[in-house]
Amino acid sequence: MSQLIQNCASFGLFLTLGAYLLGVALNKRFKSPLTNPLLLSLVIIIPVLLLCGVDYDAYYEGAKYISFLLTPATVSLAIPLYRQLDKLKKHFKAILLGICSGVLASGLSIFALCALFGLSHTDYVTLLPKSVTTAIGMSLSAELGGVAALTVTAIVITGILGNCLAVFLCRLFRITEPVAKGIAIGTASHALGTSKAIEIGEVEGAMSGLSIAVAGLLTVAAAQVFAMLL
Amino acid sequence: MKYLKQFTIILGVCLLGEALRYVLPLPVPASVYGLVLMLVFLLTGLVKLDQVESAADFLIGIMSPMFIPAAVGLMDQFSSLRAILLPFFVINFVGLVITLGVTGRVTQFVLKREKEERK
């Protein structure tokens, strides 16, 4: 059985899309951050792989085809941004100040928490890029002397939490302006949060997509300073 | 046919992004270079909105499941995570809440002040 699956390239892709569609159906039925389609997909896929004795590489052999689309999809985020260009120009100052403060808040909170838990410098620089998009975060972590694979895990966990909790947190902090919502979600939880922001609305999605790039680049600069703190 | 043409243009910009990443050795992914390039092309009129819009909206619409394969990679990290599991989750959770709250409140504060100034 596992031998058959190991050699079947469509398995990973079918499992991924099937689990996601099941997640979407469950989310429609039971509306809650806990029935987030992404979270449910992981809860379905990981046990299935472990039970069938399929290792990650064999799964990825099929699943990579959907991963590949991430680059063109990220490039496509320029389109809603272009459609919202008036808003971007008009609120330039608010957007830039918001993202800057978010990058600083992220760095400071990780610094304070790592100091509180008494984590090592390696753990600290591994966690530092957790709010930025995977490709930037991975290379930044490696450059600072962190463990890139664990950074990816932290980025994914932050992203899924952001995807699950974005709506709730915006309500909690009484963030009501669509521009502010998008900037907050994108700065805190990169592309995974952005896929939620897109569902909330066009302005939210565009602003969140913009934040991925801007917060990512600012974090690269800020992390050089933050890395010296602990 | 329309989708195929539009998708090819988007892939072309991805390709340019990858070339740019090769030339500029910053820790910036090809997709972010591509995003900036696409915006520049739209602004300069080199690419027209209706030449990419439909395919782009389709790709953005199905973006969520594209993250699943990378996220499933968690399964290979369970052993190295066990030692720092609690601090790891607390830092991720608290860090997210603080970052989202601060970013949103600051952006909204400046937006509202700008609105009042205009009045």
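Student: Which helix supplies the largest share of the lining of the second largest pocket?

Tutor: H11(A) does, with 7 residues; a helix here is a DSSP run of H or I with at least four residues, numbered from the N terminus. The model is predicted, so local features need pLDDT of at least 70 and side-chain atom pairs pLDDT 80 or more, while totals for chains, interfaces and linings use all residues. Residues are numbered from 1 along each chain as its sequence is written, chains are lettered from A and ligands numbered from 1 in the order written, and side-chain values use heavy atoms without hydrogens or water.

Student: What makes a residue part of that lining?

Tutor: A lining residue has an atom within 4 Å of a pocket point, where a pocket is an open set on a 1 Å grid over the protein atoms alone, probed at 1.4 Å, with protein on both sides within 12 Å along at least five of seven lines. By that rule 28 residues line the second largest pocket, with Asn27(A), Asn36(A), Pro37(A), Lys196(A) and Glu199(A) nearest its centre, and its volume is about 580 Å³.

Student: How is the lining of the largest pocket made up?

Tutor: Counting Ala, Val, Leu, Ile, Met, Phe, Trp, Tyr, Cys and Pro as nonpolar, Asp, Glu, Lys and Arg as charged and the others, Gly among them, as polar, it divides into 19 nonpolar, 10 polar and 2 charged residues. Leu70(A), Thr134(A), Ala135(A), Met138(A) and Ala70(B) lie nearest the centre of this pocket, whose volume is about 690 Å³.

Student: Why is the pair Glu53(B) and Arg83(A) called a salt bridge?

Tutor: The term requires a side-chain nitrogen of Lys or Arg within 4 Å of a carboxyl oxygen of Asp or Glu, and the side chains of Glu53(B) and Arg83(A) come to 2.6 Å, N to O, so the pair qualifies. Across the interface of chain A and chain B the rule finds 3 salt bridges.

Student: How many residues does each chain bring to the contact?

Tutor: With contact meaning heavy atoms within 4.5 Å, chain A brings 97 residues and chain B brings 72 residues. The buried area, which is the accessible area (1.4 Å probe) that the two parts lose on being put together, summed over both, is about 7,600 Å², and carbon and sulfur atoms give 81% of this.

How values were computed: Grid points are joined across faces, edges and corners, and a volume is the space filled by probe spheres set on the points. Helices (H or I, at least four residues) and strands (E, at least two) are DSSP runs, numbered from the N terminus.
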